[in-house]
Structure formats: structure tokens, C-alpha cells
Amino acid sequence: MDLDDLLLATSLAVDTGLPVIAQAAAPGMASRLKAVKGRGAAVIGVNCIPPARAAEMLGEMGDPAKSPLSAFPSAASSGPDRDPTGFADLLMTLNLKGARLIGGCCGTTPSHIRELARRVRR
């Protein structure tokens, strides 16, 4: 949630020589993730927010062809994203918005991920 912490962590992780995925959970961080990309992150994205908010943030991040995107939203305690089928529906829309690495965070269960994987394999 803190850009300075994310920049520092990204810089240290890049030094390992491994691909780095940097994600933010705070509103308003989407456009600032470009600074993290400049520090060497291979993928930038969002996590631990509702799928609808993730879609908004992905739209703020720019062209996914220039910066691979990821999304690991949380499943809510109520609403369409609580159900594995609804969650998978919402995550497939994130895929259409450019997220190539998708999964779940808080509230997701193996059933959520299983349904998502089934759709991705289609």
C-alpha cells in the first residue's frame, strides 16, 4: 500500500535476477506502478481488492502490451464475486482488460481457483 516500500522491495528483488511481480492494493496506486516498472518489475498489477476495483485500476495502468499486468483480487463476503462461478466471470473480464497473470487473494478458496482454471483452459 506504500509506494516507497514497493519501490524498495522491487529494487531489492530485481537484484536476485529473477522475474519480479509488483502489485499494489491501494486506490490511486495504479498510475504510480509505472515507477515500479521502471525499477525492473517484469509484471505490475493489483491484489487484495474487489474485482470491480481491480478492473478500474487495470484500466489506469496503461497499455498491457507494454507492461504485462496481473490481478489477484479478493472474493467478497457477499455479492457475485463470493460465488466461485461469479468470481471466475469477473476475473475473466480482468483477463480481457489485459491481466495475463490472474488469481485470488483474501476470501478465495480452492473452488474459486478451480473454476477460474477451468475457464482459462477453454
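Reader: Hi! Quick one to start: does Glu-115 count as buried or exposed?

Author: Glu-115 counts as buried, at 14% relative accessibility. (Buried means under 20% relative accessible area, exposed means over 50%, and partly exposed is in between, with a 1.4 Å probe and protein chains only.) This is a predicted model, where local features need pLDDT of at least 70 and side-chain atom pairs need 80 or more, while totals for chains, interfaces and linings use all residues. Residues are numbered from 1 along each chain as its sequence is written, and side-chain values use heavy atoms, without hydrogens or water.

Reader: Thanks! Which residue does the side chain of Glu-115 meet in a salt bridge?

Author: Arg-118, with 2.6 Å from N to O. (A salt bridge puts a side-chain nitrogen of Lys or Arg within 4 Å of a carboxyl oxygen of Asp or Glu.) Both residues belong to helix 5, three residues apart, or about one turn of the helix. (Helices are DSSP runs of H or I with at least four residues, strands are E runs of at least two, and both are numbered from the N terminus.)

Reader: And where does Arg-118 stand, buried or partly exposed?

Author: Arg-118 is partly exposed, at 39% relative accessibility.

Reader: What does Asp-89 pair with?

Author: Asp-89 makes a salt bridge with Arg-119, and their closest N and O atoms are 2.3 Å apart. That pair links distant parts of the chain, since Asp-89 sits in helix 4 and Arg-119 in helix 5 (residues 110-121), 30 residues apart. Asp-89 is partly exposed, with 37% relative accessible area, whereas Arg-119 is buried at 14%.

Reader: How many salt bridges does the structure hold?

Author: Five. One of them joins Arg-53 and Glu-56, whose closest N and O atoms are 2.7 Å apart. These two are both in helix 3, three residues apart, again about one turn of the helix. Glu-56 is partly exposed, with a relative accessible area of 46%.

Reader: New topic! Which residues in helix 3 meet helix 4?

Author: On the helix 3 side you'll find Pro-51, Ala-54, Ala-55 and Leu-58, and they meet Phe-87, Leu-90, Leu-91 and Leu-94 of helix 4. (Contact means heavy atoms within 4.5 Å.)

Reader: Let's zoom in on Leu-91. What does Leu-91 touch?

Author: Leaving out residues up to four places away in sequence, Leu-91 touches Pro-51, Pro-73, Ile-102, Gly-103 and Leu-116. Leu-91 is buried, with a relative accessible area of 0%.

Reader: How far is Leu-91 from Leu-3?

Author: Along the sequence they are 88 residues apart, and in space 25 Å lie between their C-alpha atoms.

Reader: How many bridges join strand 1 to strand 2?

Author: Four bridges connect strand 1 with strand 2 (residues 43-47), and the two run parallel.

How values were computed:
Pairing = 2+ DSSP bridges.
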